[in-house]
Amino acid sequence: MKKDCFNAAVFVFISLLTAVLIYPFLHESGHSIVAVLLKANVAEFQLLPVPYILCDVSQIGNIGRSIIGMAGNFFPMIISILVPSNCFAVKSFRCTLKGISVLAMGISLVSVCFMINEQDDFYQVVSYWNYGKMSLLVIALIGLILAVVSLFFELLRKERIPHTTSKTTNKIITIIHQ
C-alpha cells in the first residue's frame with residue numbers, strides 16, 4: 001500500500017515537472033537546435049513565466065523557417081522515444097512526455113485545419129510553407145500518428161509500466177466481483 005502511494009506521488013510529481021518545465025524546455029530547444037543548425041541567430045530563450053524563443057531568421061528561406069517551426073513539436077516526441085527507461089520515474093516521464101506530445105500535435109493539427117490559434121507553431125508555419133496547406137496537414141498528421149502509436153506501445157508494454165496493484169486492492173476487487 002505504501003509503495004502504491006509512493007509511486008502515485010512520484011508519478012504526479014514527475015508529470016507536473018514534465019508538463020510545466022521539461023516539455024516547454026524541450027519544445028523551445030527543438031526550435032533553437034534547428035535554428036542554430038540552419039545558421040539562425042538565437043537572440044532570446046526564455047522558459048519562465050512564458051516559454052518562447054526569439055531568432056533572427058532573416059537569412060533563412062521559407063522552408064527553413066517552416067522546419068524551425070515544426071521542430072518544437074517533433075523534438076519532445078523524439079526525445080520521449082529515445083530516452084531509455086529503467087525505473088518508474090523515467091517511465092512516468094516518458095509516458096507523460098508522449099501524452100503531452102499527442103495533445104500538442106493534435107492541437108497543431110486542429111489549428112492548421114481551422115486556422116484558429118495564431119500563437120500555434122504550425123499556424124505560423126502555414127505562412128512560410130510553399131507546398132500547400134494539405135502537405136502541411138499530412139506532416140502534422142504523421143506527427144500525431146507517430147505520437148499516438150508511440151504512446152500506445154508505451155502503455156501496452158507491461159514491463160515498462162509497473163503493475164502496482166497491492167494485496168488490499170486485489171481483496172477489494174475480489175469482494176466487488178463476488
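This is a predicted model: local features need pLDDT of at least 70, side-chain atom pairs count only at pLDDT 80 or more; totals for chains, interfaces and linings use all residues.
Residues are numbered from 1 along each chain as its sequence is written, and side-chain values use heavy atoms, with hydrogens and water left out.

**Largest pocket**

- The largest pocket has a volume of about 860 Å³; a pocket is an open set of points on a 1 Å grid over the protein atoms alone, where a 1.4 Å probe fits, with protein on both sides within 12 Å along at least five of seven lines.
- The volume is the space filled by probe spheres set on the points, which are joined across faces, edges and corners.
- Its lining (residues with an atom within 4 Å of a point) comprises 29 residues, and those nearest the centre are His 27, His 31, Gln 119, Asp 120 and Asp 121.
- At least two lining residues each come from helix H1 (2-37), strand S2 (52-56), helix H2 (62-82), helix H3 (88-114) and helix H4 (121-128); helices (H or I, at least four residues) and strands (E, at least two) are DSSP runs numbered from the N terminus.
- H1 gives the most to this lining, with 6 residues.
- The lining has 17 nonpolar, 8 polar and 4 charged residues, where Ala, Val, Leu, Ile, Met, Phe, Trp, Tyr, Cys and Pro count as nonpolar, Asp, Glu, Lys and Arg as charged, and the others, Gly among them, as polar.

**H2 with H5**

- H2 and helix H5 (residues 133-156) pack at about 20 degrees with axes 11 Å apart; axes are lines fitted to C-alpha atoms over the stretch in contact, and angles run from 0 to 180 degrees between N-to-C directions.
- That angle makes H2 roughly parallel to H5.
- From H2, Met 70, Phe 74, Met 77 and Ile 81 meet Leu 136, Ile 139, Gly 143, Leu 146, Ala 147 and Ser 150 of H5, contact meaning heavy atoms within 4.5 Å.
- This contact has 8 nonpolar, 2 polar and no charged residues.

**H2 with H4**

- H2 and H4 pack at about 165 degrees, with axes 9 Å apart, and are therefore roughly antiparallel.
- Asn 62, Arg 65, Ser 66, Gly 69, Met 70, Asn 73 and Phe 74 of H2 make the contact with Asp 121, Phe 122, Val 125 and Tyr 128 of H4.
- By class, it has 5 nonpolar, 4 polar and 2 charged residues.

**H3 with H4**

- The axes of H3 and H4 lie 8 Å apart at an angle of about 45 degrees.
- Met 105, Ser 108, Ser 111 and Val 112 in H3 meet Phe 122, Tyr 123 and Val 126 in H4.
- Here the contact has 5 nonpolar, 2 polar and no charged residues.

Notes. Angles under 35 degrees count as roughly parallel, over 145 as roughly antiparallel, 65 to 115 as roughly perpendicular and the rest as oblique.
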